[in-house]
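Welcome! Here is a short tour for a first look at this protein. Have the chain in view and follow along.

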Amino acid sequence: MSEPTVDSRVRVVVLGAGYAGLTCFLELQDRLARGHDLVLVSRDRHHWFTTELHTYAAGHDADAVRIPLRRLVRPPGRLIIDHVSALRPAARQVELKLSGTLAYDLLVFALGSEPEYFGLPGIPRHALTIGSPPAAREVRERVRALAAREGPPGHVLVVGGGLTGVELAAELADEYPGRLRVTILEAAPEIMAGFPPDLVQVARRILEGKGIRILAGSPIVTADASCVHLQGGGEVPYDLLVWAGGVRGHSLLARAGLALGGRGRARVDAFLRSVIDDRIYVIGDSAAFADPASGREIPPTGQAAVQMGRAAAENILRRLGGRPERPFAFRMRGQFASLGHHEGVGVLGEAPMAGLPAMAVKHFVEGLHAWEVGGGVMPLVRRLVAAPVGYLRGRRLRTFTRQPRPVSEQPP
């Protein structure tokens, strides 16, 4: 491991402008001492709220889930729009597709995740995903074409009953009522792993009330161009197949020779640095960070990414100032799922919520993030208004009186 850097001119390069990367970059931009070079590399000109890409895929306006990066970047920060093609840790270089070689002194890897197909034949070839803006855009276009065609409603099969799959299915059902049939296919015995059973049953009733078919305990064996084949010999035909069954670390990590943990994520130490190169901080979905309390890797979620981004920025600032870095501690603050335009469920602390309270908290968290990264106060106001307006469109408030149960997040 290299010795800590002490406040000489350095170049800090942040790869990726998602939740983790942008949070880290903006913290450094606000607090980094003059004279340092701070670079943000993004393949997109916008910061996308990736936890809300399901709404874009279902037909909502793109500007509701993104902010132009040019509004956020200012000196000492600078922005490079480019695609990262390779990492060279030994040379402390990043290879960019258009701009060539970019040297660094400290690197923050926050390029997010890639789909995890678990080696299932046919899925990579035939299934779409919504994990990135281009992927969500393709789903958006295919769904629109399917809903507009003549004949009986087209069938969208969403594989994966975690947050991504459930939220997408509910949004599609609300956006295209009567024009699409939607099915959620989940390998585990139940959807929405990590939520209290009471909330799962409420979510099931809401989803089924929208006409969504739920097939849990149905692992896939293979897929072809028109149907998926299940263990035990069953088949589920489809017109459009969307994979929401899991993610893994970015493939650049393995190609760079970094040590990997579960699902191809980079193993990091207590300070979020690669265990084999402490000049590389890995945060967000590509970091395999084991919670000291449980020994398990924390799941790839938006709240984990934001917390990692802040922690990495703080450690870089401490390092440049010659001070000891601080171990990262993840704090699970809650978990919420939108179920279409007007419904939601969630857990805040240990308190389960449904209906208007759940919607209000989820909208507030999304709006607060937009405000914190520099998107202005209007996204926060719009989301706070959207919760009661959506609820009042004929949906009744659901409440709980049962004893709250602790919740833990599971990987999607």
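## An aromatic cluster to start with

Let us begin with a group of three: Tyr-117, Phe-118 and Trp-243 make up one aromatic cluster. Rings of Phe, Tyr and Trp (for Trp, its six-membered ring) pair if their centres lie within 6.5 Å; planes under 30 degrees apart count as stacked, over 60 as edge-to-face and the rest as tilted. The structure holds four such aromatic pairs. One of them joins Trp-48 and Tyr-56: with ring centres 5.2 Å apart and planes at 55 degrees, the pair is tilted. Trp-48 and Tyr-56 are both buried, where buried means under 20% relative accessible area, exposed over 50% and partly exposed in between (1.4 Å probe, protein chains only).

## How to read the model

This is a predicted model: local features need pLDDT of at least 70, side-chain atom pairs count only at pLDDT 80 or more, and totals for chains, interfaces and linings use all residues. Residues are numbered from 1 along each chain as its sequence is written, and side-chain values use heavy atoms, with hydrogens and water left out.

## The chain as a whole

The protein chain has ten helices and 25 strands; these are DSSP runs numbered from the N terminus, with helices (H or I) of at least four residues and strands (E) of at least two. Of its 412 residues, 54% count as buried. Among contacts (heavy atoms within 4.5 Å) with a separation of 6 or more, 66% come from residues 24 or more positions apart.

The accessible surface of the chain comes to about 18,000 Å², and 52% of that belongs to carbon and sulfur atoms. Such areas come from the Shrake-Rupley method with a 1.4 Å probe; for residues, only the protein chains shown count as cover.

## Helix H1 and the cysteines

Helix H1 (residues 19-31) has 13 residues and reaches 18 Å from its first C-alpha to its last, close to the 18 Å expected at 1.5 Å a residue. That expected span is 1.5 Å times one less than the number of residues. H1 is mostly covered, with ten of its 13 residues buried, including Tyr-19, Leu-22, Phe-25 and Gln-29.

Cys-24 in H1 is buried as well, with a relative accessible area of 0%. Cys-227 is also buried, at 9%. How many disulfides does the structure hold? It holds zero, a disulfide being a pair of cysteine sulfur atoms within 2.5 Å.

Thr-183 lies in strand S12 (residues 180-186) and is buried, with a relative accessible area of 3%. Its side chain makes a polar contact of 2.7 Å with that of His-155. A polar contact is a pair of N or O atoms within 3.5 Å; within protein, one must be able to donate a hydrogen and the other to accept it, and residues adjacent in sequence count only if both atoms are side-chain atoms. Not counting residues up to four places away in sequence, Thr-183 touches residues including Val-156, Arg-213 and Leu-215.

Ile-298 is found in the loop between strand S22 (287-288) and helix H8 (302-320). Ile-298 is buried, with a relative accessible area of 7%. Leaving aside neighbours within four places in sequence, the contacts of Ile-298 include Phe-289, Met-308 and Phe-330.
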